[in-house]
Structures are given as structure tokens and as C-alpha cells.
Amino acid sequence: MIRAGRQHLVRTLADLAAQQGIAVQTLLNSGQHQQEGFPAPLNAGRTRLYDGEQVAAYLAGRPVPP
């Protein structure tokens, strides 16, 4: 569920791949989004949505905010 006031932080796998400068397929093949500690998707639909703030913290090695 996307909390009110946080819609601007929603990211797709394509957004996450672009942020890291890699192709979506490279991200999927690496399994990075399935590693322990990686923020869980906000939904269970076909297009996975992630909280950009949580993912940025994870990628930077900082604690993931709730």
C-alpha cells in the first residue's frame, strides 16, 4: 500500500535499474531485488512498485526506513 504523501517516491524495477545505470534484465538476472534486506515491494501486482527512499537507503548501505 502506498501511503498518502509518498506517491512521488514510488519506483518500478525499470526506475531502479536506471538509477543504477543498468538494464532491467540485468537487474532481474542479478537477483539483487530478491536479496535479504532489499525492501519488499509495495504491491503484489505484475508491475512491482518500491519505495524509492527505502531502496536508496539499501543501495547506500544505510538502515532501511520503515
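Predicted model: local features only at pLDDT ≥ 70, side-chain atom pairs only at ≥ 80, totals over all residues.
The protein chain contains three helices and two strands. Their order along the sequence is β-α-α-β-α. The radius of gyration of the protein chain is 11 Å, which agrees with the value near 11 Å that a compact globule of 66 residues would have. The C-alpha trace extends over about 30 × 25 × 20 Å along its principal axes. When contacts in the protein chain between residues at least 6 apart in sequence are considered, 41% of them join residues at least 24 apart.

The accessible surface of the protein chain amounts to about 4,300 Å², and carbon and sulfur atoms account for 53% of this area. Of the 66 residues, 27% count as buried. The charged side chains comprise 6 positive and 4 negative ones, and a distance of 5 Å separates the centres of the two sets.

The largest nonpolar core consists of seven residues, namely Leu 13, Leu 16, Ala 17, Leu 27, Phe 38, Tyr 50 and Val 55. Helix α1, which covers residues 13–20, supplies the largest share of this core, with three residues. For Ala 17, a member of the core, the residues touched are Ile 22, Ala 23, Val 24 and Leu 27, when residues up to four places away in sequence are not counted.

Leu 9 lies in the segment before β1 (10–12). Its relative accessibility is 15%, and because buried means under 20%, Leu 9 counts as buried. Leu 9 and Thr 47 are 38 residues apart along the chain, and their C-alpha atoms are separated by 15 Å.

Gly 52 is placed in helix α3, which spans residues 52–60. With a relative accessibility of 12%, Gly 52 also falls under the 20% limit and therefore counts as buried. Between Gly 52 and Leu 16, which are 36 residues apart in sequence, the C-alpha to C-alpha distance is 8.2 Å.

Conventions. Residues numbered from 1 in each chain as written. Heavy atoms only, no water. Helix = DSSP H or I, 4+ residues; strand = E, 2+ residues; numbered from the N terminus. Rg over C-alpha atoms; globule rule 2.2 N^0.38 Å. Buried < 20%, exposed > 50% of the residue type's maximum accessible area, 1.4 Å probe, protein only. Contact = heavy atoms within 4.5 Å. Areas by Shrake-Rupley, 256 points an atom, 1.4 Å probe, with all protein chains shown as cover. Lys, Arg positive; Asp, Glu negative; His and termini not counted. Charge placed at Lys NZ, Arg CZ, Asp CG, Glu CD. Core = buried A, V, L, I, M, F, W, Y, C linked by side-chain atoms within 4.5 Å.
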